[in-house]
Amino acid sequence: MYLNFEEYKELDGRIADEKTFITFEKKCERYIDILTYNRIKSIDKCSNFERGIIKEVMQEICDFYYLNQDYLNSYLNSYSLNGVSMTFGTSNNNICTVNGVTLLRSTYDKLNLTRYTSLIL
C-alpha cells in the first residue's frame, strides 16, 4: 500500500469515505506499478523524497479517476448536442496515456522525478 486513507485526506484527497477510497486505491496502485515497471517493491525502501512523490502521485491519480470516472469509462469519443460539442481523447495537452494508463501530464511529470519510470536504470 502506497497511501492509506489518513495520508490521502492530509493531502486534500477528494474521496469522502474510506470504502470508496480503498476501491480506487487498489486500482491506482496497479497503475503506479505499471508506470514504474513494477520497480517499487516496498515504499519503505524508497528515499524520503521518492516516498513523498509517490504518495502525492497516488492521491492525484485517485482523485483523477474518482472525479472523471464517467468520462474515462465511456465508450464515446465525442458527442454534439444543440451546437455544443465535446471531444474526449488524447488531443488534450493536459492528459497523457502511458503504457495504457491515462493520467494528468503534470502527475506523470511528477512521478518522473523518481528513478522508477525510466526504461534504463
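How many residues does α2 have, and how far does α2 reach from its first C-alpha to its last? I began my notebook with that one.

**Ground rules.** I am working with a predicted model, in which local features need pLDDT of at least 70 and side-chain atom pairs count only at pLDDT 80 or more, while totals for chains, interfaces and linings use all residues. Residues are numbered from 1 along each chain as its sequence is written, and side-chain values use heavy atoms, with hydrogens and water left out.

**Entry 1: helix α2.** I found 18 residues in α2 and a reach of 25 Å, close to the 26 Å expected at 1.5 Å a residue. The expected span of a helix is 1.5 Å times one less than its number of residues. I took helices (H or I, at least four residues) and strands (E, at least two) as DSSP runs, numbered from the N terminus.

Next I looked up burial, where buried means under 20% relative accessible area, exposed over 50% and partly exposed in between, with a 1.4 Å probe and protein chains only. The buried residues of α2 include Phe21, Phe24, Cys28, Tyr31, Ile32 and Leu35. Glu25, Glu29 and Asp33 are also among them. I kept a reminder here: an α-helix has 3.6 residues a turn, so residues three or four places apart point the same way. The buried residues of α2 pack against α1 (5–10), α3, α4 (69–72), β3, β4 (101–104) and α5 (105–111).

**Entry 2: aromatic rings.** I counted rings of Phe, Tyr and Trp (its six-membered ring) as a pair if their centres lie within 6.5 Å; planes under 30 degrees apart are stacked, over 60 edge-to-face and the rest tilted. The structure holds six aromatic pairs. Phe24 and Tyr66 form an edge-to-face pair, because their planes stand at 90 degrees, with the ring centres 5.6 Å apart. Phe24 is in helix α2 and Tyr66 in helix α3, so this pair ties together parts 42 residues apart in sequence. Phe24 is buried at 8% relative accessibility, and Tyr66 is partly exposed at 27%.

I then checked Tyr31 and Tyr65, which make a tilted pair, 4.9 Å centre to centre with 40 degrees between the planes. Tyr31 lies in α2 and Tyr65 in α3, so the pair ties together parts 34 residues apart in sequence. Tyr65 counts as buried, at 8% relative accessibility. I also noted a cluster of Phe5, Tyr8 and Phe21, linked by ring pairs.

**Entry 3: positive phi.** Which residue takes a positive phi just after α2? I found Tyr37, at about 55 degrees. Asn38, in the loop between α2 (18–35) and α3 (48–67), has a positive phi near 60 degrees. Asn38 is partly exposed, with a relative accessible area of 43%.

Entry 4: Strands β1 (residues 78–81) and β2 (residues 84–87) pair in the antiparallel sense over four bridges; pairing needs at least two bridges found by DSSP. Ser78 has Thr87 of β2 as its bridge partner. Two residues sit between the strands, and Asn82 takes a positive phi near 50 degrees there. Asn82 is exposed, at 75% relative accessible area.

**Entry 5: Ile95.** I placed Ile95 in strand β3 (residues 95–98). Is Ile95 buried or partly exposed? Ile95 is partly exposed, because its relative accessibility is 22%. Leaving aside neighbours within four places in sequence, Ile95 is in contact (heavy atoms within 4.5 Å) with Phe64, Thr102, Leu103, Leu104 and Arg105. The C-alpha atoms of Ile95 and Arg105 are 5.1 Å apart, with the two residues 10 apart along the chain.
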